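Please read these notes with the model open beside you.

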Amino acid sequence: MAESTNMRLRLPLLCIILEVILIVLFGTLVEYNDDTDAKLWNENRNHSATRNDHENEFYYRYPSFQDVHVMIFVGFGFLMTFLQRYGFSSVGFNFLIAAFSLQWATLMQGFFHGLHHGKIHVGVTSMINADFCTGSVLISFGAVLGKTSPVQLLVMAIFEVTLFAVNEFILLSIFGANDAGGSMTIHTFGAYFGLMVTRVLYRPNLDKSKHRNSSVYHSDLFAMIGTIYLWMFWPSFNSAITNYGDPQHRTAMNTYYSLAACTLATFAFSALVNPEGKLDMVHIQNAALAGGVAVGTAGEMMLTAFGSMIVGFLAGTISVLGYKYLTPVLESKLKIQDTCGIHNLHGMPGVLGAVVGSVTAALASPEVYGHGLQRVFADVETGKWNPQSKGGFQAISLAVTLGMALFGGLITGLILKLPIYGAPPDTQCFEDGLYWEKYCEYGTLMDVGLLTTKIGGGMFGLI
Amino acid sequence: MAESTNMRLRLPLLCIILEVILIVLFGTLVEYNDDTDAKLWNENRNHSATRNDHENEFYYRYPSFQDVHVMIFVGFGFLMTFLQRYGFSSVGFNFLIAAFSLQWATLMQGFFHGLHHGKIHVGVTSMINADFCTGSVLISFGAVLGKTSPVQLLVMAIFEVTLFAVNEFILLSIFGANDAGGSMTIHTFGAYFGLMVTRVLYRPNLDKSKHRNSSVYHSDLFAMIGTIYLWMFWPSFNSAITNYGDPQHRTAMNTYYSLAACTLATFAFSALVNPEGKLDMVHIQNAALAGGVAVGTAGEMMLTAFGSMIVGFLAGTISVLGYKYLTPVLESKLKIQDTCGIHNLHGMPGVLGAVVGSVTAALASPEVYGHGLQRVFADVETGKWNPQSKGGFQAISLAVTLGMALFGGLITGLILKLPIYGAPPDTQCFEDGLYWEKYCEYGTLMDVGLLTTKIGGGMFGLI
Amino acid sequence: MAESTNMRLRLPLLCIILEVILIVLFGTLVEYNDDTDAKLWNENRNHSATRNDHENEFYYRYPSFQDVHVMIFVGFGFLMTFLQRYGFSSVGFNFLIAAFSLQWATLMQGFFHGLHHGKIHVGVTSMINADFCTGSVLISFGAVLGKTSPVQLLVMAIFEVTLFAVNEFILLSIFGANDAGGSMTIHTFGAYFGLMVTRVLYRPNLDKSKHRNSSVYHSDLFAMIGTIYLWMFWPSFNSAITNYGDPQHRTAMNTYYSLAACTLATFAFSALVNPEGKLDMVHIQNAALAGGVAVGTAGEMMLTAFGSMIVGFLAGTISVLGYKYLTPVLESKLKIQDTCGIHNLHGMPGVLGAVVGSVTAALASPEVYGHGLQRVFADVETGKWNPQSKGGFQAISLAVTLGMALFGGLITGLILKLPIYGAPPDTQCFEDGLYWEKYCEYGTLMDVGLLTTKIGGGMFGLI
């Protein structure tokens with residue numbers, strides 16, 4: 001509490017220094033790729049009799065990119081506005097760290113995904129990948145929501161994006177693993193990284209802010225905007241970087257059915273675990289999305305609509321049960337304070353998704369996939385593919401991801417514990433007033449002498 | 001009132017049983033179609049010199065699908081949040097019954113649209129059709145909003161989806177009717193089905209809940225999110241399953257102009273019917289959308305921008321006048337309690353759309369359509385087409401739809417009247433507290449002793 | 001104040017007359033273009049061996065159109081809901097004037113862009129252009145927000161759309177200027193037009209309404225919905241009407257990076273200019289978007305990601321500084337009351353964008369663009385192109401735009417000053433109660449005797 005939370009110098013300096021570094025690195029390392037460069041695209045186009053502008057990858061990836069973009073900024077941003085006094089910070093800090101992470105991810109992923117004569121090539125596919133990596137950071141943000149300053153969040157993003165790129169490189173490039181929708185690389189990694197960070201940052205006296213660690217009526221409706229957008233666009237998310245043609249089409253459809261089944265499971269178990277049979281907004285807002293996470297690996301495979309629905313139903317069920325029974329235990333026994341319950345939405349469903357992916361890959365056969373086999377499993381073409389070893393590499397990928405996430409979260413958590421970032425005191429967690437200029441001092445609402453309350457460092461009209 | 005509204009067993013059991021049935025039926029009946037199956041797509045692709053991955057229907061239907069998906073989940077869901085204490089239920093139950101209906105519709109429509117060796121083939125087009133059918137159920141939901149339990153809504157959806165598929169089969173497959181945007185199949189059917197259900201469920205003492213049957217300031221703003229998304233994406237809705245090329249392009253544009261003209265009519269008449277010239281949010285939220293409904297049949301035809309604007313202007317006008325003068329009469333004289341006024345938004349504009357479609361079809365000629373004639377009217381190719389009989393079949397389609405809707409609504413309403421579904425008592429209609437876990441008991445807001453009020457079974461913070 | 005604000009006749013009459021005029025003009029002047037007309041499309045298609053339905057411009061422009069459409073109706077509409085008592089009017093009047101403007105713009109732009117045998121041809125590209133022109137009107141709306149009646153706004157739209165089309169014609173058709181994302185035609189024009197209108201309509205006693213000219217907690221969250229949608233879809237906006245292929249792809253990507261860098265600058269300077277280091281919602285809501293404005297001209301050129309980030313960073317910086325230091329001066333010294341601060345979001349960044357475009361064009365060379373040069377700079381093909389004169393024409397375009405905007409705004413402002421439009425009195429600015437029917441008189445909220453306050457002509461529940 002003796003530590004100052006004043007951000008006047010720390011936040012601007014960090015933002016400016018980071019952006020200057022990014023600009024310098026982009027200036028020296030980043031180039032347009034073949035589909036975005038005026039010269040290259042038109043050279044290639046002229047050399048090919050059949051290739052025309054309509055075949056630019058823009059037309060096949062950009063609609064998916066925009067759906068993913070909405071999930072990152074509206075989906076994650078508004079999902080976290082459920083807290084009664086932390087709406088500005090939820091959507092605002094989500095905005096800030098996403099805008100930073102997508103730039104930093106472009107560099108880190110470009111570096112590991114393969115340089116072209118020492119340069120990173122960018123286009124719509126790298127934009128999708130950067131947004132994916134950003135999603136992982138935002139998942140971790142959910143665990144520490146309300147308890148960390150924006151400076152801490154930016155520092156966390158620096159480390160998490162870097163480790164994400166390393167882990168993704170190991171999985172996709174070394175193990176040749178399949179993970180188009182990121183059950184492992186995005187969800188499992190983001191969840192366990194964030195859980196470890198929040199464990200290290202454990203606050204024994206967080207109770208002092210518990211009156212703000214809950215929702216009010218309209219904050220829950222704002223959060224539903226986030227939920228519904230995530231739910232609707234998840235088919236685009238999982239299919240955004242699969243191969244063209246049947247894999248992309250199939251992935252979107254599998255995700256659609258998984259989510260639908262997950263939603264029924266969520267409503268069922270939400271009512272069942274409540275003594276009065278009432279539904280809990282926390283479950284609806286979060287667990288209904290677990291079906292998207294759980295088909296993030298197997299969605300591009302021949303999982304069938306039927307298989308997708310079973311996976312979705314399971315995911316919704318374990319997610320609700322996790323919120324009800326596991327989250328309190330994690331906090332009381334393991335000292336893991338998980339504000340948004342990311343373990344239930346991204347952690348367990350991510351692991352489930354990895355297991356489903358491993359099993360589905362091990363069951364793949366040329367009889368079922370025909371000539372499509374090599375379009376789903378890239379190593380078929382090199383002749384190295386066999387279903388059992390493929391399934392094994394998928395399983396090993398999960399283990400590596402868990403290890404990287406927990407180790408990375410531990411180191412990052414320790415760094416974030418340094419008393420230099422302006423973290424909020426225990427009494428001022430989940431409070432916008434600490435970071436946002438006050439409003440409404442002269443508003444009508446105050447004139448009538450109602451509806452305002454003095455809190456934190458700010459005076460807020462409550463509507 | 002003696003009847004228990006506790007949903008602890010009824011809702012979970014129904015959800016789980018329904019999902020298990022769906023999973024079993026999907027497992028035995030549903031297969032990937034030619035564009036989603038790994039084997040089939042790649043076989044077909046290899047047999048064709050010109051076909052490539054870029055021609056997978058995914059790239060031509062999926063953006064439309066996502067727009068429709070947003071309308072179903074955000075559009076309908078938030079449009080109904082206008083009630084002051086029913087926001088959770090509006091967006092939540094919309095979510096639940098839509099997630100169920102789209103799965104059930106896949107089966108029902110697949111069955112009637114034609115099996116392939118006893119199997120239902122699914123892909124992005126079936127996803128759009130399932131979302132369309134879901135839209136019809138959500139329209140009916142608007143009539144009974146606030147007066148029915150989620151168990152009742154799921155039961156209603158089971159019957160309505162089934163009858164929708166039968167009616168759609170009769171219109172499209174037997175009569176060869178045109179109805180790409182569903183003026184008849186979706187809007188007219190959904191509206192009159194819902195109106196009949198609410199008639200059968202008439203509550204003479206609904207006045208006891210009338211203090212909750214209205215909006216507050218921010219609930220109206222949430223509802224505008226729904227309105228605006230429906231308005232923006234309606235061009236995608238009407239054009240989502242038309243033929244490729246000029247029909248899809250033209251349908252989207254006709255809808256765009258119809259909606260624009262409708263909006264001006266809505267503002268004009270909303271001010272005109274008010275003694276002080278003030279605008280009514282109910283009109284803006286709903287009547288401004290009637291223009292999309294009213295070109296749902298003729299939109300793919302050569303209606304012209306000019307014709308679309310006339311239709312849109314008329315639709316907006318009758319919709320506002322309906323809200324002002326007809327809805328009160330329907331309630332007092334015909335005992336139809338129509339919470340959202342679906343008769344004004346979907347009922348009358350749907351009938352108008354059917355009539356406009358019939359007239360426009362009867363006026364079609366090879367001179368105007370050229371070789372495009374058979375792309376709009378499928379039966380041109382079989383030689384059976386002539387404009388007058390075509391127009392006649394369109395008119396008969398309307399009559400059949402009205403009959404099916406009213407009959408189906410009657411039966412369904414009687415089934416829903418059974419006292420086993422935990423329907424809310426007359427004093428507790430339009431009240432989230434009955435179904436949703438309370439919040440905010442320990443919130444800051446209560447600490448200051450303001451801003452909360454004990455209502456129903458729950459304690460809600462009012463913000 | 002003696003003047004009546006009753007809109008019962010004025011608003012309906014104006015809306016109906018305008019719509020009737022539009023319908024008559026559309027009926028006599030507007031035709032489907034080659035891609036939307038059943039006859040023309042199918043004739044052209046049959047004459048070409050390679051052209052098929054998939055090449056209809058619909059599939060390459062419509063996703064961009066829908067993103068732009070969302071920006072116009074949700075983006076602009078909700079961005080302006082930040083005022084505590086003007087949410088209905090912000091989103092509602094935005095809806096009204098946009099629905100009118102897009103129809104009127106279709107005619108005006110069609111007239112100037114070139115008639116086809118005396119007819120205006122419409123399709124998805126004209127829809128995008130009409131939405132663009134509408135955006136310009138909505139920018140001006142931001143300057144006069146809260147101080148003008150809907151009748152005034154419609155009259156303003158009539159004149160502004162017309163002048164927009166003239167200015168656009170001069171820039172694009174006479175000067176051959178590049179301005180795909182409209183730094184000049186849309187942002188600079190809309191901003192300085194609006195600033196001049198609000199200058200002419202200067203209200204010395206606006207202080208009487210200043211208690212309503214501010215936000216409250218949830219109104220700021222609604223505004224963030226607008227902000228985030230504008231931010232996410234700006235890449236689609238800037239690239240919506242560029243040439244197919246690399247230019248469209250590149251424009252989207254440049255905008256993406258510019259916005260990301262702009263966001264970091266916005267957070268940095270927002271904290272830096274506040275004594276306590278707190279962030280200001282006004283900055284986050286607005287200045288974070290300036291990066292999209294500032295690459296509206298150069299975005300389609302080979303600006304590079306690196307260049308885009310520098311431009312974005314500068315734009316965010318000047319925008320925040322403008323809000324903090326310039327806006328108060330404009331009001332006190334120049335009597336420009338700019339409700340939304342459009343000078344900071346659209347004015348200065350628009351001018352910056354024009355300058356960047358001019359410089360980037362002057363630096364263009366065949367070495368960098370290869371065969372792509374003529375796809376960015378149309379006059380290369382005619383042999384008239386040279387980079388210096390191109391850069392010069394870009395600069396002249398900015399000057400012409402400023403002149404047209406200021407002159408047009410002056411004339412329009414004078415017309416709007418006539419006391420016949422039902423403008424709000426100084427004491428009733430920023431007040432929904434003047435135009436919108438009251439709600440909640442019988443609501444629960446009033447029953448508990450809290451939460452309501454009598455204001456203006458209406459009784460509003462405050463939630």
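1. Two residues are in contact when they have heavy atoms within 4.5 Å of each other. Leaving aside neighbours within four places in sequence, F100(B) is in contact with L18(B), L22(B), L154(B), A157(B) and I158(B), and also with L264(A).

2. This is a predicted model, in which local features need pLDDT of at least 70 and side-chain atom pairs count only at pLDDT 80 or more, while totals for chains, interfaces and linings use all residues. Residues are numbered from 1 along each chain as its sequence is written, chains are lettered from A and ligands numbered from 1 in the order in which they are written, and side-chain values use heavy atoms, with hydrogens and water left out.

3. Where does F100(B) sit? It is in helix 4 (residues 87-113) of chain B. Helices here are DSSP runs of H or I with at least four residues, strands are runs of E with at least two, and both are numbered from the N terminus. F100(B) counts as buried because its relative accessibility is 1%; buried means under 20% relative accessible area, exposed over 50%, and partly exposed in between (1.4 Å probe, protein chains only).

4. The contact between the two chains takes 80 residues from chain A and 88 residues from chain B. Together chain A and chain B bury about 7,400 Å², of which 71% is on carbon and sulfur atoms. Buried area is the accessible area (1.4 Å probe) that two parts lose on being put together, summed over both.

5. Across this interface there are 30 residue pairs in polar contact, both residues at pLDDT 80 or more. A polar contact is a pair of N or O atoms within 3.5 Å; within protein, one must be able to donate a hydrogen and the other to accept it, and residues adjacent in sequence count only if both atoms are side-chain atoms. On the side of chain A that touches chain B, helix 9 of chain A gives the most, with 18 residues.

6. How many salt bridges are there between chain A and chain B? The count is one, where a salt bridge is a side-chain nitrogen of Lys or Arg within 4 Å of a carboxyl oxygen of Asp or Glu. The side chains that meet are those of D53(B) and R375(A), at 2.6 Å, N to O. D53(B) counts as buried at 12% relative accessibility, and R375(A) counts as buried at 13%.

7. Over all chains the count of salt bridges comes to 21.

8. In chain C, the side chains of R375(C) and D246(C) form a salt bridge at 3.5 Å, N to O. This pair links distant parts of the chain, 129 residues apart: R375(C) is in helix 15 (residues 373-376) and D246(C) in helix 9 (residues 246-272) of chain C. Both residues are buried. A network of salt bridges links D53(A), D246(C), R250(C) and R375(C).
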